[in-house]
Amino acid sequence: MIRMSDSPPRAHSSTALPDYVSWAEAAAQLVRPLAELMIEGRADLALEGPASNHGPAADRLEAYARPCLLAAHWLAAESGPEPGLDKERIAAWFRAALLCGTDPRHPEFWGYTANYHQHTVEMCAMSLAFQKARQWLWDPLSGRERAQVAHWFGSIRGIAHHRNNHLFFGVLTLDFLEAEGFGLRTDRAESRHALDVLESMYLGEGWFIDGMNESLDYYNPYAFHYYGLWWAILFGKTDPVRADRWKSRTHDFLETYAHFFAATGENPPFGRSMCYRFAATAPFALAELAGCSPLPPGLARQICSKNLAFFLSHPVTQSQGVLSIGWTDEFPPLAEAYSCAASPYWAAKGLTPLLLPPDSAFWTDEPVPLPAETGDSSRPIAAAGLLVQNTAGAVEILHTQSKIGVSNTGFGPWKWGKLSYRSGFGFDIRRADGPHPLDAALTATDADGTIFGRHATH
C-alpha cells in the first residue's frame, strides 16, 4: 500500500493571492512551462507522464485541450505584460494546432470521436475555452477554418455517453455549434434529453449522484455545478426555466460546500481524480458570474485564493515544470486508469475567478474568514448523507451513503467507502498487485485470516 505524500510546504512566490493581479500572475506562471513546449506544426504539447487507457490519440488531444482551457483564462484576464510571455504568440499556437488536429489530411489529426470516447470530454473543454477567450482563440479564425473545426466537433452527434457527468460534454458542444451557426435540426432535442437525464440525478440540497458511478465527491463542484452553470450562462436564454433551476441548485450547494475548506485552504482528498487539485473551487466565482452565489463575495474569494495558494505552495509540478499527477506533490500511483500526463490541467477550472472583472465585488469586497477559521462547527447534508465538521481549523468529511457503483469498483472503492476523510491527511491507495487498503475502513478478520470489510456506508 502506498500513502499519498503529505510533503511540507515550500517557499513559493504565490503563497498569498489576495487580488486580481496576483491571480493573473499565478496563471501566467502556470502557462509559462506550457509555452516552452509549443512546437510549430504540432497539435499537442509533449508532456511527460503516464499514458491513459484511452490510447495515444486521446492522450494527444488531451495534451492540447486541457492546457488550452488553462491558457484561455490567462488570455481572457485583464493582465499586464509578462516577461517572456506573449499572448498573441501563445494564442496563435493554439489556433494553428487546432487546425492541424481537426484536419483529416494532416499527420497531426486527432481523429473523430465515437461512442464513450475520451475525445468527447476534450471537445467540451475546447468549446468552453473558445468562448472564454473568444477574441484570442475563435474570432481570429476564418469562416472556412471555423467550418473545419465545427465539422470535427460534429462527430459528437448521436454518439453514446457514459450515464454520468459525461452527458454534459455533448450538451455544451452541441449548443456551441448551434450558437455559432453550425447546428442541425436534431441537436436541440439531443442536448435537452441529456439535460433531462442529468437532472434526474439530483438528490437535493444542491447534490447530484454521479449517474452510473453512484458516487458523491468533487465531481459535484467541478462537473455538475461547473458545466451546469456554464450552460445556464452561455445558453440558458434558450430554456430560462431550466437555467434558473441550475442556478438555484448551485446556490443551495455552495451554502454548505463552503465548509469543505480548511483554514489552510486545503479540501480533504476524497473520491477520484484527485490530481485535478484546485478545480474543487470551480463553482464559487462562476456562481458570482451567474448571479446566484449565496456567499459574501469576500468569502468566495478567500476560499478560492487560499485553496490555490495551498497547492501552489507545494511541489505540484514535474521535471518539465508542468502540473504533475498527485496531490501535494508528484505522485504517479495516484493516477486513475483514465489519467494521462495532461489530466491535471482540469485544474484550469479553478481559474474561473479571472473571468470576473477586476472591479467585481468578488475582488473588491473585504475578505471574509473561512468557516473553518471562525470556530468549530458541524454541518449535516442529509440529501448527500454527509456530515462536514470543522475542528481547530481542519475539515473532516463523515459520510453514510457515498460509494462507487458495484459495476465500477475498478476505480477503487476505498476512495468513497472509508469512515472519514480529513484535511491534512492522505489515504492509502492500492497498487495493482496489492491488497485493498484498510485505513479508516470498517473491517473484521476471520479466524483463518480472511479479512472482511465494507466499501460502502449505509
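**Gln302**

I started with Gln302, which sits in helix 12 (residues 297-312). Helices here are DSSP runs of H or I with at least four residues, strands are runs of E with at least two, and both are numbered from the N terminus. The model is predicted, so local features need pLDDT of at least 70 and side-chain atom pairs count only at pLDDT 80 or more, while totals for chains, interfaces and linings use all residues. Residues are numbered from 1 along each chain as its sequence is written, and side-chain values use heavy atoms, with hydrogens and water left out.

Is Gln302 buried or exposed? I found a relative accessible area of 18%, so Gln302 is buried. The cut-offs are under 20% relative accessible area for buried, over 50% for exposed, and partly exposed in between, with a 1.4 Å probe and protein chains only. I then looked up what Gln302 touches. Not counting residues up to four places away in sequence, I noted Pro367, Val368 and Leu370. Contact means heavy atoms within 4.5 Å.

**Leu254**

Next I went to helix 10 (240-257), where Leu254 has its place. Leu254 has a relative accessible area of 0% and is buried. Which residues is Leu254 in contact with, leaving aside neighbours within four places in sequence? I listed Pro283, Phe284, Ala287, Pro294 and Leu295. I also checked Leu254 against Asp210. They are 44 residues apart along the chain, and their C-alpha atoms are separated by 18 Å.

**Two positive phi angles**

Arg277 is not a glycine, yet has a positive phi of about 45°. I placed Arg277 in the loop between helix 10 and helix 11 (282-290). Arg277 is buried, at 3% relative accessible area.

Tyr116 is not a glycine either, and its phi is positive at about 55°. I found Tyr116 in the loop between helix 3 and helix 4. Its relative accessibility is 48%, so Tyr116 counts as partly exposed.

**Asp86 and helix 3**

Asp86 lies in the loop between helix 2 and helix 3. I read a relative accessible area of 41%, which makes Asp86 partly exposed. From Asp86 to Ala35 I count 51 residues in sequence, with 9.4 Å between their C-alpha atoms.

Then I turned to helix 3 (residues 87-101). How far apart are its end C-alpha atoms? They are 21 Å apart, which agrees with the 21 Å that 15 residues should span at 1.5 Å a residue. The expected span is 1.5 Å times one less than the number of residues.

Helix 3 is mostly covered, with 11 of its 15 residues buried. Among them I noted Ile90, Trp93, Phe94, Leu98 and Leu99. Lys87 and Arg95 are also on the buried list. The buried residues of helix 3 pack against helix 1 (20-35), helix 2, helix 4, helix 5 (134-137) and helix 6 (143-153).

**Helix 6**

**The largest pocket**

I asked where empty space is left. Rolling a probe the size of a water molecule over the atoms shows this. A pocket is an open set of points on a 1 Å grid over the protein atoms alone, where a 1.4 Å probe fits, with protein on both sides within 12 Å along at least five of seven lines; lining residues have an atom within 4 Å of a point.

The largest pocket has a volume of about 720 Å³. Volume here is the space filled by probe spheres set on the points, which are joined across faces, edges and corners. Which residues lie nearest its centre? I noted Arg272, Glu336, Ala337, Tyr338 and Phe411, out of 47 lining residues. Helix 2 (56-76), helix 4 (118-132) and helix 9 (219-235) each supply at least two residues of the lining. Helix 9 gives the largest share, 4 residues.

**The whole chain**

Last, I stepped back. The chain has 13 helices and 10 strands. Its radius of gyration is 21 Å, close to the 23 Å of the globule rule for 458 residues, so the chain is as compact as a globular protein of that length. The radius is taken over C-alpha atoms, and the rule is 2.2 Å times the number of residues to the power 0.38. Buried residues make up 61% of the chain.
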